[in-house]
Amino acid sequence: MGDRLKELRRERSLSQEIVAQSIGITRSAYSHYEINNRQPVYETLIKLASFFEVTTDFIIDGDNRGAEPQVAEDTAEIIRLLNSMDDDKRKESIDKMLDAIRES
């Protein structure tokens with residue numbers, strides 16, 4: 001599993017820190033997954049699959065990589081952008097999106 005997570009992360013040119021922040025865990029915890037020192041709990045496995053747009057089966061055993069993405073590409077891009085912002089800018093951006101949704 002660790003090799004697949006590392007491959008997915010490197011294909012996207014992401015740091016362990018960015019992946020960890022994106023799914024709400026520490027970089028250290030994520031690092032342990034990549035070196036097969038620990039296995040993610042179910043909820044974290046789902047977050048990883050969603051973040052990398054693969055199935056949980058692919059992360060676990062390499063099956064079904066070509067399955068339909070669990071998150072639309074534009075949604076994943078929004079997540080990546082939000083994760084690259086500092087806390088204040090992220091909150092401001094989320095507030096603006098929520099306002100736009102409420103207005104529609």
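A nonpolar core is taken here as a set of buried Ala, Val, Leu, Ile, Met, Phe, Trp, Tyr and Cys residues joined through side-chain atoms within 4.5 Å, where buried means under 20% relative accessible area, exposed over 50% and partly exposed in between, with a 1.4 Å probe and protein chains only. The model is predicted, so that local features need pLDDT of at least 70 and side-chain atom pairs count only at pLDDT 80 or more, whereas totals for chains, interfaces and linings use all residues. Residues are numbered from 1 along each chain as its sequence is written, and side-chain values use heavy atoms, with hydrogens and water left out.

The largest nonpolar core comprises 19 residues, and those with the most contacts inside it are Leu-5, Val-19, Ile-25, Tyr-30, Leu-48, Phe-52 and Ile-59. Two or more residues are given to this core by each of the helices H1 (2-11), H2 (16-23), H3 (27-34), H4 (42-52) and H5 (56-61), helices being DSSP runs of H or I with at least four residues, numbered from the N terminus. H4 supplies the largest share, five residues. With residues up to four places away in sequence not counted, Ile-59 touches Met-1, Arg-4, Leu-5, Leu-8, Leu-45, Leu-48, Ala-49 and Val-54, contact meaning heavy atoms within 4.5 Å.

H1 and H3 pack at an angle of about 120°, their axes being 7 Å apart; the axes are lines fitted to C-alpha atoms over the stretch in contact, and angles run from 0 to 180 degrees between N-to-C directions. This makes H1 oblique to H3, given that angles under 35 degrees count as roughly parallel, over 145 as roughly antiparallel, 65 to 115 as roughly perpendicular and the rest as oblique. In this packing, Gly-2, Asp-3, Leu-5, Lys-6 and Arg-9 of H1 meet Tyr-30, Tyr-33 and Glu-34 of H3.

Two aromatic pairs are counted under the rule that rings of Phe, Tyr and Trp (its six-membered ring) pair if their centres lie within 6.5 Å, with planes under 30 degrees apart counted as stacked, over 60 as edge-to-face and the rest as tilted. The rings of Tyr-30 and Tyr-33 have centres 6.4 Å apart and planes at 80°, so this pair is edge-to-face; both residues lie in H3, three residues apart, and both are buried. Phe-51 and Phe-52 also form an edge-to-face pair, at 5.1 Å centre to centre with 75° between the planes. Phe-51 is buried at 8% relative accessibility, and Phe-52 is buried at 0%.
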